[in-house]
Amino acid sequence: MQLKSLPNRILEHPSRKIIIVQIILLVVLGFLLYANTLPGKFLWDDYGLVRDNAQIKSLSGVKKILVTNIGAGSGVASNFYRPLQIFTYALDYSLWKLNPAGYHLTSILFHIAVALALYWLVSVVFKDYQLSFLASSLFIIHPLHTETVAYISARADIIAALFFLLTFIFYIKHLHSGSNKPLICALLFYPLALLAKESSLIFPLLALFYHYVFRVKIRPRASLFFLFEIAAYFLLRLAVLKSPLLILSGSEPFYHRLPGFFLALGEYARLIILPFNLHMEYGLKLFKFSHPGVIPGAFILSAALFCMFKKWKNKVWPFAIGWFLIMLLPVANLYPINAYMAEHWIYLPSAGIFIAGSYAILSLHRLKYLRIFAKILIILLIFYYTCLTTQQNNYWRSPFILLGKTLEYAPDSPRANNELGNEYALLGDSQKAESYYRKAIITDPRYKEAYVGLGNLYCRIDKPDQALALYQKAAGFLPGSAELYVGLGNALLKLKRGEEAIVAYKKAIALQPDAAYIYHNIAVAYFSLKKYGQAAEYFDQAGKLGYPRDSRLEESLQPYR
């Protein structure tokens, strides 16, 4: 690694005391900054991934995490395979049950761990502990990361980042020491990164870029081990999801998606420098090359490529800019994904910008006549980002605040309208819930979840005929949804069509075999048909899976056991 060209002061190793103080400051900063997320509630995808996820609530369910998709625990078909994310929720459940504060605490701890891993990486690569501390400080406080940290369901990005960074650190240590111990550590961490999020597949490309920038010889044996792990991961995905890749139906051609990449690149740059108007739901939008946002994005890409491949005497610039651009590739929608951009996707790529920006500031600081200016700039940035992050965290404490803010920026989002309908339904405000469900359906007549949500609402307010019609419509384009079949069963049971209800419930069981409440519903359906023996069988199974004791039904079924 060619570090001789760097200024001597960069290579000075600070005392252990200074390093410990820097680490403590990062930990304290992370806790203080995100403490106001602890009172936050479950919201949006948290319901399916945590609250209604049967897999995280029992040992038998946990055993299935590795061999099912991310939505299996709540009976939802999905082509995402992220077992490590779900396993962390299972650990949370074992500690906190369904107390959201515990889940938020875990996400904060992971975020702090990622910042410390970034501190370590920069120290290993550049031997510059000032750079390490400033870059990791900006990373830990930046408001762009509030979605990733405050939103429990975005945890995949955090844990993937942690194990990706650890993989990269130990890979570098192996390259420069020749020892097998760092390589073994890297090979242990990399599968964890892959099992957290599929974007970790970009590691080989980033490793090749590191070899290019620092002129380090490739070690073929190490490369083969990583390729073997990637092949094993693809085979595992193939076995579980029946497809080795993330496949989205109805994807637009590449040249239709390309302008969105340029637009997103410019917007990401803007959000890092001026992180205002942060929100969810950017959507799967298509843009034309004539859009005014395409030109700035194309300029940023050209400048980034120039920085990456120009032969700089100092290696910070190409490495940092290359990190940003390469880590952005999996979420750039060049390979079709479910949106043209999202704030939590920039979580790990942004580390490259913070390294580059911190190096620029420290370069100013090393010039005597600009030292005071650099110090003021650092103080202002920390104050500015800290205030914005604290404010942004408050939006994530309540689903009504978050969804209301989201709809300010994305009023035509069927997903946000549907989620707000769900929240009002939970609150018992049927009129507002119905209004938002209908907005979601008007915005996207094929948005299946809104039909199910409205059907569930009609079931609760004793309109089973209207609910049944909605469920049947949703069934035309919502295969593989346990919630749909449960709702269908509930509507049929209210219409005294018990046999049909049981058929629907059993379809739900096939999708969500660990959901205790579905077994209880089947027991009720059999009881309504006076099939008491079968009712007792399903009632007992519901109890074994942890369903709360229904003393009246239990007493009625006692003679039939």
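The second largest cavity is lined by Tyr 212, Val 213, Arg 215, Met 308, Lys 310, Lys 311, Trp 312, Lys 315 and Pro 318. A cavity is a set of points, on a 1 Å grid over the protein atoms alone, where a 1.4 Å probe fits but cannot get out; lining residues have an atom within 4 Å of a point. The model is predicted: local features need pLDDT of at least 70, side-chain atom pairs count only at pLDDT 80 or more, and totals for chains, interfaces and linings use all residues. Residues are numbered from 1 along each chain as its sequence is written, and side-chain values use heavy atoms, with hydrogens and water left out.

The space in this second largest cavity comes to about 60 Å³. A volume here is the space filled by probe spheres set on the grid points, which are joined across faces, edges and corners. The lining holds five nonpolar, no polar and four charged residues. Ala, Val, Leu, Ile, Met, Phe, Trp, Tyr, Cys and Pro count as nonpolar, Asp, Glu, Lys and Arg as charged, and the others, Gly among them, as polar.

How many cavities of 30 Å³ or more are there? The count is three. The largest cavity has about 160 Å³ of space. Its lining has 14 residues, and those closest to the centre are Asp 157, Ser 199, Met 327, Leu 348 and Pro 349. Helix α9 (residues 155–177) gives the largest share of that lining, four residues. Helices are DSSP runs of H or I with at least four residues, numbered from the N terminus. By class, the lining of the largest cavity splits into nine nonpolar, three polar and two charged residues.

Next, an open space. A pocket is an open set of grid points with protein on both sides within 12 Å along at least five of seven lines. The second largest pocket holds about 570 Å³. It has 22 lining residues, and Ala 269, Ile 272, Ile 273, Ile 353 and Gly 357 are the closest to its centre. Two or more residues each come from α13 (254–273), α14 (294–309), α15 (316–328), α16 (350–365) and α17 (371–395). Helix α16 supplies the largest share, six residues. The lining has 20 nonpolar, two polar and no charged residues.

His 279 sits in the loop between α13 and α14. Is His 279 buried or exposed? His 279 counts as buried because its relative accessibility is 12%. Buried means under 20% relative accessible area, exposed over 50%, and partly exposed in between, with a 1.4 Å probe and protein chains only. Beyond its neighbours within four places in sequence, His 279 is in contact (heavy atoms within 4.5 Å) with Glu 147, Glu 343, Lys 405 and Tyr 409.

Now the helix packing. Two packed helices are described by the angle between their axes and the distance between the axes. Helix α2 (residues 16–34) packs with helix α7 (residues 129–141) at about 10 degrees, and the axes are 10 Å apart. Axes are lines fitted to C-alpha atoms, for helices over the stretch in contact, and angles run from 0 to 180 degrees between N-to-C directions. Therefore α2 and α7 are roughly parallel; angles under 35 degrees count as such. On α2 the contact includes Ile 19, Leu 26 and Tyr 34, and on α7 it includes Phe 133 and Ile 140. The contact residues are 10 nonpolar, four polar and no charged.

Helix α7 also carries Ser 132. Ser 132 is buried, with a relative accessible area of 0%. Leaving aside neighbours within four places in sequence, Ser 132 is in contact with Tyr 119, Val 122 and Ser 123.

Definitions and conventions:
Parallel < 35°, antiparallel > 145°, perpendicular 65-115°, else oblique.
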